[in-house]
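Hi everyone, thanks for coming. I'd like to walk you through a protein model this morning, so please have a look at the screen.

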Amino acid sequence: MLSGENDSENAIVYINSGAGGTEAQDWVEMLLRMYLKWAEKKGFETQIVDMLPGEEAGIKNVTFIIKGKYAYGYMKCESGIHRLVRISPFDANNRRHTSFASVYTYPEVPEDIQIDIKEEDLRIDTFRSSGPGGQHVNRTESAIRITHIPTGIVVQCQNERSQHKNKAIAMSILKARLYELEKKKQEEKLSSLNKEKKDIAWGSQIRSYVLHPYKLIKDHRTKIEMHNAEAVLDGSIDEFIKAYLLFLTFQQKMD
């Protein structure tokens with residue numbers, strides 16, 4: 001089930017808030033916590049490389065790396081749109097809200113794989129970190145944003161104090177994104193980012209997390225359901241991952 005070309009590599013994960021405003025941004029933070037908890041249980045190392053906080057609460061988007069054997073093989077199962085239904089903690093009238101967030105996963109490209117990135121194709125911008133990190137981060141332009149002009153791919157890193165380290169991490173993420181894009185082209189498919197041009201909203205979710213009026217987590221691809229929502233949000237997602245890996249394996253055999 002984990003025999004894919006890049007399954008054994010580290011995983012680069014990007015979570016972005018969708019329909020739902022502050023609710024959706026809070027949902028991104030909940031998903032980040034879920035994946036960090038899951039990674040901790042698996043004995044994986046994690047590193048947050050970029051995060052954009054919401055104005056009121058939560059996170060607009062976040063990029064992080066999960067380092068460990070088969071991290072990408074597992075986390076590729078989480079790519080897609082995740083839907084949350086709950087009583088909003090931000091609604092004074094205690095109404096039920098639906099929120100959406102998208103999860104995209106890329107394999108970290110091994111050092112021995114060469115990706116042709118031309119200097120003239122890059123626009124590199126520096127800026128001050130918007131997150132915590134002490135006086136050094138806030139006073140100097142250590143954060144890096146790299147735009148790959150031919151593809152329009154933008155990556156950034158602001159987690160490290162050193163501009164050099166931030167640039168190295170951002171280049172690593174760009175390399176992974178370009179590698180994934182080229183791999184999809186070779187397979188005559190679109191990149192995973194543009195694979196399904198759907199809004200991060202109704203009708204396009206891979207999994208629903210219902211916390212009200214009942215508690216049920218359901219994967220719409222495999223039909224696996226779990227009623228212990230607290231455990232799932234605390235990182236117990238292996239049952240969903242294994243079921244989807246089996247589903248992918250069955251699909252490959254049918255093809």
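First, some ground rules: residues count from 1 along each chain as its sequence is written, and side-chain values use heavy atoms, with hydrogens and water left out. What you see is a predicted model, where local features need pLDDT of at least 70, side-chain atom pairs count only at pLDDT 80 or more, and totals for chains, interfaces and linings use all residues.

So, confidence. pLDDT is the predictor's own confidence in each residue, on a scale from 0 to 100. The protein chain averages 86, and 88% of the residues score at least 70.

Now the sheets. Helices (H or I, at least four residues) and strands (E, at least two) are DSSP runs, numbered from the N terminus. Two strands pair if DSSP finds at least two bridges between them. Eight strands make an open sheet with mixed pairing, in the order S2-S3-S1-S5-S4-S9-S10-S11. At the edges sit S2 (45-53) and S11 (225-226), each pairing on one side only. S11 joins S10 (residues 216-219) through two antiparallel bridges, and there Lys-218 stands opposite Glu-225.

What lies across this sheet?

Next, S7 (residues 143-148). Five of its six residues are buried, meaning under 20% relative accessible area, where over 50% is exposed and in between is partly exposed (1.4 Å probe, protein chains only). S7 runs antiparallel to S6 (residues 122-127), with six bridges, and Arg-123 has Thr-147 as its bridge partner. S7 is also antiparallel to S8 (residues 153-157), over five bridges, and Ile-144 is partnered with Cys-157. In the S7 and S8 hairpin, with four residues between the strands, Gly-152 takes a positive phi near 80 degrees.

On to the rings. How many aromatic pairs does the structure hold? Five. Rings of Phe, Tyr and Trp (its six-membered ring) pair if their centres lie within 6.5 Å; planes under 30 degrees apart are stacked, over 60 edge-to-face, and the rest tilted. Tyr-14 and Tyr-104 are stacked because their planes are at 15 degrees, with centres 6.5 Å apart. They link distant parts of the chain, Tyr-14 in S1 and Tyr-104 in S5, 90 residues apart. Ring pairs also link Trp-38, Phe-44 and Tyr-74 into a cluster. Lys-42 lies over the face of Tyr-74, 4.6 Å from the ring centre. For a charge to sit over a ring, NZ of Lys or CZ of Arg must be within 6 Å of the ring centre and within 35 degrees of the ring normal.

Last, is Ser-88 buried or exposed? Ser-88 sits in the loop between S4 (80-87) and S5 (96-107), and at 3% relative accessibility it counts as buried. Beyond four places in sequence, Ser-88 touches Glu-23, Asn-94, Arg-95 and His-97.

Definitions and conventions:
Contact = heavy atoms within 4.5 Å.
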